[in-house]
Amino acid sequence: MLKESINESKILNQFREITGVIYQNWWAERNGGNISVLLDESFVDSFKINNEFSKTKDLPFECPSLDGKFFLVTGSGKYYRNISKFNETACNAGIIQIFDNGKKIGVVWGFEEGSWPTSELPSHLLSHVERLKVNPNHTTVIHSHPTDIIALTFVEELDEKKFTFNMWKMISEASVVFPEGIGILEWMLPGSNEIGEQTAEKMKKYRSVIWAHHGIFCSGESLDEALGLLECIEKSAKIYLKILQTNKKILNEISVENMKDMSNFFGYELNEDILK
């Protein structure tokens, strides 16, 4: 297969589907949100992708551990609703390779009509660096602007333990899906190296990191897994907000004992620090 066939590949079709789902849920208004996916060697070999770049760019940071790797990435200033259209994907997203010992990127497909990868590339690539250390099967980082998660950052303490515990109590699946908890950063300048470094630092421990008053980063072994993590946290936030709006005392809830029972039954490890 040739590079011209990339747009018809399974991963591109899934990529379009996921961006469409996120947009339809209003988790990516205008040009909000971005995605990056580490491509495996079989994909690179199948489409005969090499280091023939249409254009290159210096990175404002270094990531030598990613040198030589290929990523499917959304474009800067691009809309999820357009990325999800087959005939517009190559103008709104593309595939890059990291080269020169992690100092530069080269475009090997897409990013047509003068487009470039997302301005949040520091947060994406640096998060990939840390998640790959934790889980070699990691591939995906999704950034979006889910309404209810953002709303909670205005009215709740930005305390990771308290915030996670409240989310765990909302639906049974919550502590199953993100048993390590949720990382949180106070508001920082989007697109900067600093927020990228701080997000990556949180990714050493968590697969999801909330940016207060902005959005969330979710990671996973696949696009489906990262999206599923986002869906679960946002569902918990939505329920919690609905409860707050009733202005009534909670009479019944998922207890710590219930959470431990699920942990033992399904065989996963809860972050005990959150339960203290």
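**Strands, turns and rings**

Analyst: In this predicted model, W211 has G215 in strand 9 as its bridge partner. That bridge belongs to the antiparallel pairing of strand 8 with strand 9 (residues 215-220), which extends over 4 bridges.

User: How many residues lie between strand 8 and strand 9 in the hairpin?

Analyst: The hairpin has 3 residues between the two strands, and H213 in the turn has a positive phi of about 60°.

User: In which sense do strand 7 and strand 8 pair?

Analyst: Strand 7 (residues 183-185) pairs with strand 8 in the parallel sense, over 3 bridges. Here G183 stands opposite V209. Together with helix 9 (residues 193-203), these strands make a right-handed β-α-β unit.

User: Are the residues of strand 8 buried or exposed?

Analyst: Both faces of strand 8 (residues 208-211) are covered: S208 and I210 are buried on one side, V209 and W211 on the other.

User: How is a pair of aromatic rings described?

Analyst: One gives the distance between the centres and the angle between the planes. The count here is 5 aromatic pairs. Among them, Y23 and W26 are tilted, at 5.7 Å centre to centre with 55° between the planes. The ring centres of F265 and F266 are 5.0 Å apart and their planes stand at 90°, so this pair is edge-to-face. Both F265 and F266 are exposed.

Terms used:
Residues are numbered from 1 along each chain as its sequence is written. This is a predicted model: local features need pLDDT of at least 70, side-chain atom pairs count only at pLDDT 80 or more; totals for chains, interfaces and linings use all residues. Side-chain values use heavy atoms; hydrogens and water are left out. Rings of Phe, Tyr and Trp (its six-membered ring) pair if their centres lie within 6.5 Å; planes under 30 degrees apart count as stacked, over 60 as edge-to-face and the rest as tilted. Buried means under 20% relative accessible area, exposed over 50%, partly exposed in between (1.4 Å probe, protein chains only). Two strands pair if DSSP finds at least two bridges between them. A crossover is right-handed if, with the strands pointing away from the viewer, the path from the first strand over the helix to the second runs clockwise.
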